[in-house]
Amino acid sequence: MSTNNNIAQARKLVEQLRIEAGIERIKVSKAAADLMSYCEQHARSDPLLVGVPTSENPFKDKKPCIIL
Amino acid sequence: MRSPPIPEMATQEVQLSETLAHLKTESDTLKGKLEEERAKLHDVELHQVAEKVEGLGQFVMKTRRTLKGHGNKVLCMDWCKDKRRIVSSSQDGKVIVWDAFTTNKEHAVTMPCTWVMACAYAPSGCAVACGGLDNKCSVYPLSLDKNENLAAKKKSVAMHTNYLSACSFTNSDMQILTSSGDGTCALWDVESGQLLQSFHGHAADVLCLDLAPSETGNTFVSGGCDKKANVWDMRSGQCIQSFETHESDINNSSEADREVAIYSKESIIFGVSSVDFSLSGRLLFGGYNDYTINVWDVLKGTRVSILFGHENRVSTLRVSPDGTAFCTGSWDHTLRTWA
């Protein structure tokens, strides 16, 4: 009976919603602060952010390669 | 078999529809509760908190290498952990492994189907996985012998009932995570091809997935045509969290350490086909359908740069493992590395 299918689906949905409702959440202000500190902590080791000297970045070559 | 007396059947039906109504009420109540809770916690916007953060300077990034060789649209690419090799897949049915420093092609495999929409490099660097319209994800061990026919060693791992949209090795060569147009994601054992876990919950095609970066990583996020981004627990198969967006299909997802980043990114991205964060998470690179790459300041929510170069839609974008460059693939048949 299609009603049985609908019930099974509805049960799954309720179960899923219960799980989501039970998850611990933090305020955006706290999460934002965490994000900011993460970015700050790792900023120095982010080559695309701080830039890397041309000599050290294998993708930035100053002199063209000569194949002998 | 005698049919049951009519009054009894009627009672059963009434009981069932009462249960259904009861469940509907409960799910509506729960949904309302969730909305309320989320609203309560949404006490401030990320960019407001980040007002005091120093702004970013000018960025000079340009194409450093152009990889030419595909005969049709590039659909996907992935970096090798050695930070120099790249695997790419194309509508032309080919999967190519490149040395991104020299632009040399190291391996090429012809797939039995066109539209190879997904490809991934194994953590060891010794194999690649790919798939697409063949509904499968296959693993090809990479041989040091250039003359060896890679297709001969092909291993079929995943089987879906619709196209493969994305694949990714977990933190070892042993397991692969896949997403498919059949609406599911799945975790597979590479050696045996066994299905370890399946993830059901999306109401339509799943287009992308990304694993959480942590070492003990056991969560991943998937995005789909149902406008949902779902966060999953890999061990239980459970959907832990679901985000709904106002945009149309979620074509690409990127796991940040915190859920807020994913959520707020969805509100500023339009017409993006692919995204990835820089190493620190401060920059977000987006490949767009208008052929450009936009660079965003994640904290301030502002765009810091637009990059031009591709001559058609940017379909895939990934930052290299050590963050020194990022690579894009495009419908213009080429890949470019930028730094």
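I note that the model is a predicted one. I looked up the pairing next: β7, residues 127-131 of chain B, and β8(B) are antiparallel over 4 bridges. Within that pair, B:V128 has B:Y140 of β8(B) as its bridge partner.

I then turned to the other neighbour of interest, β9(B). I found that β8(B) and β9(B) run antiparallel and are joined by 4 bridges. Here B:C137 stands opposite B:A158 of β9(B).

Entry on B:L142. I located B:L142 in the loop between β8 (136-141) and β9 (155-159) of chain B. Is B:L142 buried or exposed? Its relative accessible area is 17%, and because the cut-off for buried is under 20%, B:L142 counts as buried. I listed its contacts beyond the neighbours within four places in sequence; among them are B:V97, B:H107, B:Y121, B:V128 and B:L150. As a distance check, I took B:R313, which is 171 residues from B:L142 along the chain; their C-alpha atoms are separated by 30 Å.

Entry on the sheet β14 to β17. I recorded an open sheet of 4 strands in chain B, in the order β14-β15-β16-β17, with antiparallel pairing. Its edge strands are β14 (206-211) and β17 (239-244), each of which pairs on one side only. On average, neighbouring strands of this sheet are turned by 20° against each other, direction ignored. Inside the sheet, β15 (residues 219-224) and β16 (residues 228-233) of chain B are paired antiparallel over 5 bridges. B:V221 stands opposite B:V231 of β16(B).

Entry on β23(B). How many residues of strand β23 (residues 326-330) of chain B are buried? I found 5 of the 5 buried, so the strand is largely enclosed by the rest of the structure. In a regular strand, side chains alternate between the two faces of the sheet. In β23(B), B:F326, B:T328 and B:S330 point one way, while B:C327 and B:G329 point the other way.

I followed β23(B) to its partners. Strand β22 (residues 314-319) of chain B is joined to β23(B) by 5 bridges and runs antiparallel to it; B:T316 has B:G329 as its bridge partner. The hairpin of β22(B) and β23(B) has 6 residues between the strands, and B:G323 in the turn has a positive phi of about 70°. Strand β24 (residues 335-338) of chain B is antiparallel to β23(B), with 4 bridges between them, and B:G329 stands opposite B:L335 there. In the hairpin of β23(B) and β24(B), B:H333 takes a positive phi near 80°.

Entry on the record. For residues 272-306 I read 0% helix and 63% strand, with end C-alpha atoms 13 Å apart. For residues 307-339 the values are 0% helix, 48% strand and 11 Å.

Entry on chain A. Helix α2 (residues 28-43) of chain A has 16 residues and reaches 22 Å from first to last C-alpha, close to the 22 Å expected. Its buried residues include A:V28, A:L35, A:M36 and A:C39.

Entry on the interface. The contact takes 41 residues from chain A and 53 residues from chain B. The area buried between the two chains is about 4,300 Å², with 72% from carbon and sulfur atoms. A:R25, A:L48 and A:F59 supply 20% of the area that chain A buries against chain B, more than any other three residues.

Definitions and conventions: Residues numbered from 1 in each chain as written. Chains lettered and ligands numbered in written order. Heavy atoms only, no water. Helix = DSSP H or I, 4+ residues; strand = E, 2+ residues; numbered from the N terminus. Buried < 20%, exposed > 50% of the residue type's maximum accessible area, 1.4 Å probe, protein only. Contact = heavy atoms within 4.5 Å. Pairing = 2+ DSSP bridges. Axes fitted to C-alpha atoms, helices over the stretch in contact; angles between N-to-C directions. Expected span 1.5 Å × (residues − 1). Buried area = accessible area lost by both parts, 1.4 Å probe.
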